[in-house]
Amino acid sequence: MSDKKVWLVTGAGRGMGVDIARAALAAGHAVVATGRNPAKVTSAIGADDDLLAIRLDVTDPGDAKMAVAAAMDRFERIDVLVNNAGNFNAGFFEELSPDEFRAQIETTLFGPVNVTRAALPVMRAQRSGLVVTISSTAGIVGGEFLSAYAASKFGVEGWLESLAPEVAPFGIRTMLVEPAFFRTELLTPESTKYAESSIADYAERTEQTVTAWKSMNGQQGGDPAKLADALVRLAAREDPPLRFPAGADAVTTFENRAKLLLEQADANRELSSNLDHDDA
């Protein structure tokens, strides 16, 4: 297929997934764009001979297998998988119900796991492929009101970093993308669910945080179309980066985290370094 690749993009019915699908098509690639409503996917992206819109609920392993099978039936290969589908269950940990916390993990950790598990046999047979997973700066640094979301993204980081050396011998590469604040639909009511305020000790901070985040919706600095173009360029590289901080604020987050880890490594160096058995 020369330079023309087949992309499978999850969560392509709205938000960043739409931009990624459009950028891949504009670059001359074929795109399998997935979402819970295929008609909405086609409407959002626009008709194209190289576009296949199919239904996929990423929390359903059976759906993931069917999506991969549909991609193979139409295009006979999958070169780039973009795990983009996601949502946001926000709130203080004590106020998030167990079901809400688990639902976050199911979508933003097990969702990518399910789709990647379905796609890897195809990529192994090809002896080539790239697995791109949209993580977050919340996968690098946690914060209040983010416990469920950060837990899922920290999980994604560890999973894909560990997967990378497992599949590298088969010509398969992986790339984690850590956006900070981009003007996507993540903070819209369709994507963000706030835990019910139920504990008086948190009430004031909950009200302040929700108000602040709602005011940010549509005002984020990052341009998802520019990020989509950057991902197409990175995917074309022979050796794409294991991690890509998306946005100047994400680069700063990486730098600050690295500095903090070095400070923590040094803070109790003597105590940390003298924990071996005496006979070791």
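Which residue just after α3 takes a positive phi? In this predicted model, that residue is E76, with a phi of about 70 degrees.

## Ground rules

The model is predicted, so local features need pLDDT of at least 70 and side-chain atom pairs count only at pLDDT 80 or more, while totals for chains, interfaces and linings use all residues. Residues are numbered from 1 along each chain as its sequence is written, and side-chain values use heavy atoms, leaving out hydrogens and water.

## Helix α3

Let's start with the helix itself (helices are DSSP runs of H or I, at least four residues; strands are runs of E, at least two; both are numbered from the N terminus). α3 has 15 residues and spans 21 Å from first to last C-alpha, close to the 21 Å expected at 1.5 Å a residue (1.5 Å times one less than the number of residues).

D63, A64, A67, V68, A71 and F75 of α3 are buried (under 20% relative accessible area; exposed is over 50% and partly exposed in between, with a 1.4 Å probe and protein chains only). They lie on the same side of α3 because they cover an arc of only 135 degrees around the axis, taken from the directions from the helix axis to the C-beta atoms. K65, M66 and D73 are exposed on the other side. The buried residues pack against β1, β2, β3 and α5 (contact means heavy atoms within 4.5 Å).
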